[in-house]
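This report looks at one residue in its surroundings and then at the overall form of one chain.

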Amino acid sequence: MNKIIKYVLLDIIKSKIVIAYTLFLLLLSIGLFNLGGSPDKGILSLLNLVLLTVPLISIVFATTHFYNSYEFMELLVAQPINRKKIFMSEYLGVAFSLSAAFLVGVGVPVIIFSTGLTGLYLVLTGVFITFIFVAMAFLASVSTRDKAKGIGIALLLWFYFALIYDGIVLFILYAFGDYPLEYATLVMTALNPIDLGRIIVLLNLDVSALMGYTGALYKSIFGSVWGVAAAFGLLLLWALIPVWSSRRIFSRRDL
Amino acid sequence: MILSFKDKVLSILSFLILFTSGQPALGDTLKVCKSCSYTSVKLAVQQAKAGDVVLVEGGSYQESGIEINKPLRLIGKGKPVIDGNNTGQIITVLADDVTIEGFTLQNIATSYTRDDAAIRVIERNNIRILNNTILNTYFGIYLQNSNNITVKGNVVKGENTGKTESALGNAIHVYYTDNVAITNNIVQGHRDGIYLEVVKNTKVHRNTSQYNQRYGLHFMFSDGNTYTYNIFRNNGAGVAVMYTDNVRMEHNTFEDNWGAASYGLLLKDIRNSVIYNNTFRRNTTGIHMESSSRLDIKSNNFERNGWAIKLMTTCIEDTFRLNNFTGNSFDVSTNGKSQLNHFEHNYWEKYSGYDLDKDQVGDVPYRPVSLFSMLVEKVPPSVMFMRSFMVDLLDNMEKVLPSIIPENLVDEKPLMKRIEHDNDRKLTQVLRQTAGTP
């Protein structure tokens with residue numbers, strides 16, 4: 001399995017897209033930290049970047065990579081190797097390379113400009129988001145043989161989680177505004193990894209204490225060690241479920 | 001001209017009366033110390049004649065219930081400690097023209113029926129309470145039905161950890177008392193730092209009020225008072241002022257008042273007042289305004305608050321000019337569409353307009369209320385979606401075509417640059433000129 005991961009990684013690095021991605025993140029992060037004035041502001045702007053571009057690039061890159069390495073996978077399947085191993089090596093290869101790019105591109109500037117718990121949460125969230133959206137990309141890819149369709153599904157997933165979901169939830173909150181919605185909101189944010197990541201970082205910036213009564217309530221939930229652990233646990237779940245289900249589909253499917 | 005005999009007698013008599021009644025400066029000095037003729041402050045005060053000085057030297061005195069019933073000066077030299085040992089009120093002033101200076105007064109237990117204080121003044125005039133340190137008491141300084149009082153340079157510190165609001169007294173409590181000067185005091189750890197009820201013509205100047213359980217400053221029905229250069233920090237619910245006319249609040253700092261129901265400044269039924277040159281920093285809500293009218297809010301800084309201003313629709317004819325709004329989560333929020341207040345020449349950090357004619361005034365009006373802030377006002381849990389892309393998108397759409405946010409709540413002339421309040425006379429002059437010409 002390690003050998004396959006190595007080949008996948010080499011293949012990805014050869015394509016130079018990951019290097020471009022690293023440089024893009026690095027430039028943006030350094031730029032934002034220098035423009036923002038205070039490190040907190042830099043973190044906030046970076047948060048928007050992490051939550052918009054990282055999922056998009058992860059999901060598009062992973063989908064195209066999956067379809068491009070279809071022949072390689074077919075070749076491997078012909079060998080006496082477990083299909084699950086092939087799939088997992090592909091997944092881990094892509095996820096590791098994108099996370100490494102993220103760690104260099106965002107993690108290093110964060111350590112330089114704003115070392116602290118919030119920075120750590122931001123970087124952790126970014127890594128989790130990468131793993132989650134690569135997993136979703138693989139789920140989209142194994143569900144159809146057609147490359148265009150696969151990329152379409154992947155983009156739709158990104159669109160749903162980054163934009164549509166929040167719109168739907170806001171509409172629900174507005175429609176049921178007369179009811180106590182504190183815990184319902186909590187459950188609804190847990191159903192979207194991007195929202196979950198945003199809240200973990202936001203509630204640990206000092207703006208969090210400024211959000212009045214409800215803000216204080218959520219702060220007391222997410223501010224504690226258990227709350228943060230639970231939130232990251234949920235993110236882990238968000239990565240594991242698509243990986244597990246796509247692996248299942250991949251190992252049973254007629255290639 | 002010859003004076004009649006009666007007049008002569010009268011003038012001699014009045015002279016005699018004046019002489020014998022004594023001027024304060026000519027009184028005796030009664031020393032109190034461990035080896036002096038007086039070893040108890042209480043005894044010395046009892047023995048003193050009107051106009052005397054009771055000089056207490058350093059040391060610790062276990063006393064309470066000291067009643068001052070004649071004009072005298074009670075002066076501590078070398079910070080003598082009067083320890084009430086939780087046996088009741090320490091000093092009660094029952095005479096005019098009394099000075100209490102330089103003591104450390106400590107330990108008064110909570111007393112729900114008597115409201116024990118370290119120093120209480122009852123129905124008296126011309127009292128001076130200077131440079132005392134008051135520690136661990138129920139009420140600190142309690143002034144009732146009095147007039148012309150100076151409270152200066154005192155430190156009042158209480159212990160409020162683990163106590164409920166009702167088990168705590170106020171550090172400086174003023175009730176039905178006019179012409180009070182409260183200057184340079186530090187008050188902390190009580191229920192309210194400075195509490196004024198039905199108090200007129202009072203100056204509260206350069207005090208620091210912090211870590212109080214409830215309000216840093218609390219006043220009601222107290223017209224015509226001035227509050228300048230005070231610092232209100234980390235109080236449970238900030239500063240609350242209610243039912244008052246003609247207030248001047250200038251150069252105060254309201255900061256770090258964080259919490260579920262915490263405000264930098266809560267204004268309820270305040271009229272005809274001015275709020276100039278204050279700084280509101282890192283509060284949950286900078287100013288919360290309710291039923292307040294004809295206020296002039298000028299040259300204040302709002303920095304990094306959750307809500308800089310919460311302006312309820314019950315407020316009318318308030319003016320906001322030359323304020324800086326920087327780093328706030330929400331600049332202004334309101335609870336309805338009707339708006340009868342005026343915003344002009346403020347600096348909004350979130351403003352993204354342009355200035356083609358370079359007069360430092362933006363050419364596009366700025367609407368400080370965002371759609372999202374209206375939504376949060378209606379449905380508080382939606383605050384969880386702060387900084388989500390959807391929210392930013394909706395806000396920007398609403399800014400282009402306002403339909404839900406109040407149309408009249410708008411700054412027609414937002415400034416392009418942050419105002420430096422100390423040295424921007426030139427800018428204000430320019431603005432005045434441009435405002436004058438159509």
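The model is predicted. B:Ile127 belongs to strand β11 of chain B, which covers residues 125-130. Around B:Ile127 there are 25 other C-beta atoms within 10 Å. The residue is therefore buried, since the cut-off for that class is 20 or more.

Which residues does B:Ile127 touch, leaving aside its neighbours within four places in sequence? The contacts are B:Val93, B:Val98, B:Val121, B:Ser146 and B:Ile149.

Chain A is described next, by its elements and its overall dimensions. Its secondary structure consists of 11 helices and 0 strands. Read from the N terminus, the order of elements is α-α-α-α-α-α-α-α-α-α-α.

| Property of chain A | Value |
|---|---|
| Radius of gyration of chain A | 19 Å |
| Span of the C-alpha trace of chain A along its principal axes | about 60 × 40 × 30 Å |
| Buried share of the 255 residues in chain A | 45% |
| Share of contacts in chain A with a separation of 6 or more that join residues 24 or more positions apart | 78% |

How does the radius of gyration of chain A stand against that of a compact globule with 255 residues? A compact globule of that length would have a value near 18 Å, so the 19 Å of chain A agrees with it.

Definitions and conventions: Residues are numbered from 1 along each chain as its sequence is written. Chains are lettered from A and ligands numbered from 1 in the order in which they are written. This is a predicted model: local features need pLDDT of at least 70, side-chain atom pairs count only at pLDDT 80 or more; totals for chains, interfaces and linings use all residues. Helices (H or I, at least four residues) and strands (E, at least two) are DSSP runs, numbered from the N terminus. A residue is buried if 20 or more other C-beta atoms lie within 10 Å of its own, exposed if 12 or fewer, and partly exposed in between; C-beta atoms are placed from the backbone. Two residues are in contact if their C-beta atoms, placed from the backbone, lie within 7 Å. The radius of gyration is taken over C-alpha atoms; the globule rule is 2.2 Å times the number of residues to the power 0.38.
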